[in-house]
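Please work through each task before reading its solution.

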Amino acid sequence: LSRLMGGSSAKKASDDVLLLHGMLLMAGADGSIDQAELSTVQSFYDTLPEFKDKKFDELLSQANRLVAKHGGLKDSIKALGDIESPAVKKKCFVLAADIAMASGDIDEAEDKLLETMQRLLGIDDAFASKVIEVLQTKYAT
């Protein structure tokens with residue numbers, strides 16, 4: 001079928017699925033997602049317009065298929081480059097940084113993932129620095 005259609009028959013993931021995927025990637029950057037990280041993701045999910053009137057379980061299922069399609073969690077980060085909306089790309093970076101900083105200092109795995117996300121999402125250094133500065137203020141003790 002893909003030969004007749006002139007390309008891949010696999011449907012690209014929608015921006016909302018990719019946004020959820022980005023949040024879950026950061027929440028699980030250390031190899032597991034603890035309850036506090038899951039609560040943070042759920043809070044964002046409950047308040048963001050991209051997820052209004054959408055079922056979490058369905059989007060999570062689509063995000064899991066995305067991971068399987070890419071052969072694993074680590075390689076599935078490449079899918080974030082498929083986000084079409086410039087606003088959602090920025091939002092994905094902001095939310096990932098927020099999730100990383102919510103648990104305290106950004107560890108090495110989170111830092112590396114955030115750098116990769118910045119590159120894949122096309123986020124410039126000035127915007128990334130501003131996001132980190134604001135979030136450092138948010139989470140300052």
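**Exercise 1: the pair H2 and H3**

H2 passes H3 in a right-handed crossing (right-handed if the near helix is turned clockwise from the far one by less than a right angle, left-handed if anticlockwise). The model is predicted, with pLDDT of at least 70 required for local features and 80 or more for side-chain atom pairs, while totals for chains, interfaces and linings use all residues. Residues are numbered from 1 along each chain as its sequence is written, and side-chain values use heavy atoms, without hydrogens and water.

Task: State which residues make the contact of H2 with H3, and how the two helices are oriented.

Step 1. From H2, the contact takes Leu 20, Met 23, Leu 24 and Ala 27; from H3, it takes Glu 37, Val 41, Phe 44 and Tyr 45 (contact means heavy atoms within 4.5 Å).

Step 2. These residues divide into seven nonpolar, no polar and one charged (Ala, Val, Leu, Ile, Met, Phe, Trp, Tyr, Cys and Pro count as nonpolar, Asp, Glu, Lys and Arg as charged, and the others, Gly among them, as polar).

Step 3. Helix H2 (residues 15-27) and helix H3 (residues 35-47) pack at about 160°, their axes 10 Å apart (helices are DSSP runs of H or I with at least four residues, numbered from the N terminus; axes are lines fitted to C-alpha atoms over the stretch in contact, and angles run from 0 to 180 degrees between N-to-C directions).

Step 4. H2 and H3 are therefore roughly antiparallel (an angle over 145 degrees).

**Exercise 2: the pair H2 and H7**

Task: Determine how H2 is oriented relative to H7.

Step 1. The axes of H2 and H7 come within 10 Å and cross at roughly 155°.

Step 2. H2 is therefore roughly antiparallel to H7.

Step 3. Gly 22, Leu 25 and Met 26 in H2 meet Glu 110, Leu 113, Leu 114 and Met 117 in H7.

**Exercise 3: the largest pocket**

Task: Which element gives the largest share of the lining of the largest pocket?

Step 1. Leu 25, Gly 28, Ala 29, Leu 73, Lys 74, Ile 77, Ala 109, Lys 112, Leu 113 and Thr 116 form the lining.

Step 2. Two or more residues come from each of helix H5 (73-76) and helix H7 (108-121).

Step 3. H7 gives the largest share, four residues.

Step 4. The lining has six nonpolar, two polar and two charged residues.

Conventions
Angles under 35 degrees count as roughly parallel, over 145 as roughly antiparallel, 65 to 115 as roughly perpendicular and the rest as oblique. On a 1 Å grid over the protein atoms alone, a cavity is a set of points where a 1.4 Å probe fits but cannot get out, and a pocket is an open set with protein on both sides within 12 Å along at least five of seven lines; lining residues have an atom within 4 Å of a point.
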